[in-house]
Amino acid sequence: MGRWSKEDKKAIAKANNQTDMLGNYYCKRCGERLSLKNLEVDHKKPKSKGGKDNPANLQLLCPNCNRRKGAKKPRLEERKRDSWVEEVSKDLLGSSSELDEDSKLI
Ligand SMILES: [Zn+2]
């Protein structure tokens, strides 16, 4: 994140017609309107498969769609191996949302 400049994102939005007449930007998948800052750059063809870093191969997604896309093709072997890590990080994430309440008590 933060790897792409505003100008990069503008070029990507232009290449994908991700702007409306008012100059708003929106997610390529769900159409949610977001500021450029909050849209994430996604490779249509993953870099691991030879995808290039040019606007034709890139699109802007909202964080939700970007995450969902990543979860679409779980690599089962890795998931199995890392399942305990996921459990642990889930716990950490879960408790971090309760941190605020805890810190109020202190
Ligand atoms: Zn979206």
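Leu36 touches Lys6, Lys9, Lys10 and Tyr25, residues up to four places away in sequence not being counted. In this predicted model, Leu36 sits in the loop between β2 (33-34) and β3. Its C-alpha atom is separated by 6.9 Å from that of Lys6, although Leu36 and Lys6 are 30 residues apart along the chain. Is Leu36 buried, exposed or partly exposed? Leu36 counts as partly exposed because it has 19 C-beta neighbours inside 10 Å, and a residue is buried if 20 or more other C-beta atoms lie within that distance.

**Overall layout**

The secondary structure of the protein chain consists of four helices and four strands. In sequence order the pattern is α-β-β-β-β-α-α-α. The protein chain has 106 residues, of which buried residues make up 13%. Of the contacts between residues at least 6 apart in sequence, 47% join residues at least 24 apart.

**Helix α1 and the residue after it**

Lys9, Ile12 and Ala13 are the buried residues of α1. They line one face of the helix, because they fall within an arc of 100° when seen down the axis of α1. Glu7 and Lys14, on the other side of α1, are exposed. What do the buried residues of α1 pack against? Their partners are β1, β3 and β4.

Most residues other than glycine have a negative phi. Asn17 lies in the loop between α1 (6-15) and β1 (25-26). With 8 C-beta neighbours inside 10 Å, Asn17 counts as exposed, because the limit for an exposed residue is 12 or fewer.

**Strands β3 and β4**

Strand β3 (residues 40-43) pairs with β4 in the antiparallel sense, over four bridges. One of the facing positions is His43, which stands opposite Leu58 in β4. In a regular strand the side chains alternate between the two faces of the sheet. In strand β4 (residues 58-61), Leu58 and Leu60 point one way, while Gln59 and Leu61 point the other way. Residues on both sides of β4 are buried: Leu58, Gln59, Leu60 and Leu61.

Asp53 belongs to the loop between β3 and β4. Asp53 is exposed because 12 other C-beta atoms lie within 10 Å, and 12 or fewer is the condition for that class. His43 is 10 residues from Asp53 in sequence, and the two are 7.7 Å apart in space, C-alpha to C-alpha.

**The nonpolar core**

Which residues form the largest nonpolar core? It has 10 residues, namely Ile12, Ala13, Tyr25, Cys27, Leu39, Leu58, Leu60, Leu61, Cys62 and Cys65. Two or more of these residues are given by each of α1 and β4. β4 provides the largest share, three residues.

Tyr25 is one of the core residues. Leaving out residues up to four places away in sequence, Tyr25 touches Ala13, Gln18, Thr19, Arg33, Leu34, Ser35, Leu36, Leu39 and Leu60. Among them, Ala13, Leu39 and Leu60 are also listed in the core.

**Arg33 in strand β2**

Arg33 is placed in strand β2. Apart from neighbours within four places in sequence, Arg33 is in contact with Asn24, Tyr25 and Tyr26. Between the C-alpha atoms of Arg33 and Asp20, 13 residues apart along the chain, the separation is 9.5 Å.

**C-alpha separations**

The pair distances given above are collected here.

| Pair | Separation in sequence | C-alpha to C-alpha distance |
|---|---|---|
| Leu36 and Lys6 | 30 residues | 6.9 Å |
| Asp53 and His43 | 10 residues | 7.7 Å |
| Arg33 and Asp20 | 13 residues | 9.5 Å |

Terms used: Residues are numbered from 1 along each chain as its sequence is written. This is a predicted model: local features need pLDDT of at least 70, side-chain atom pairs count only at pLDDT 80 or more; totals for chains, interfaces and linings use all residues. Two strands pair if DSSP finds at least two bridges between them. Two residues are in contact if their C-beta atoms, placed from the backbone, lie within 7 Å. A nonpolar core is a set of buried Ala, Val, Leu, Ile, Met, Phe, Trp, Tyr and Cys residues joined through C-beta atoms within 7 Å. The arc is that of the directions from the helix axis to the C-beta atoms.
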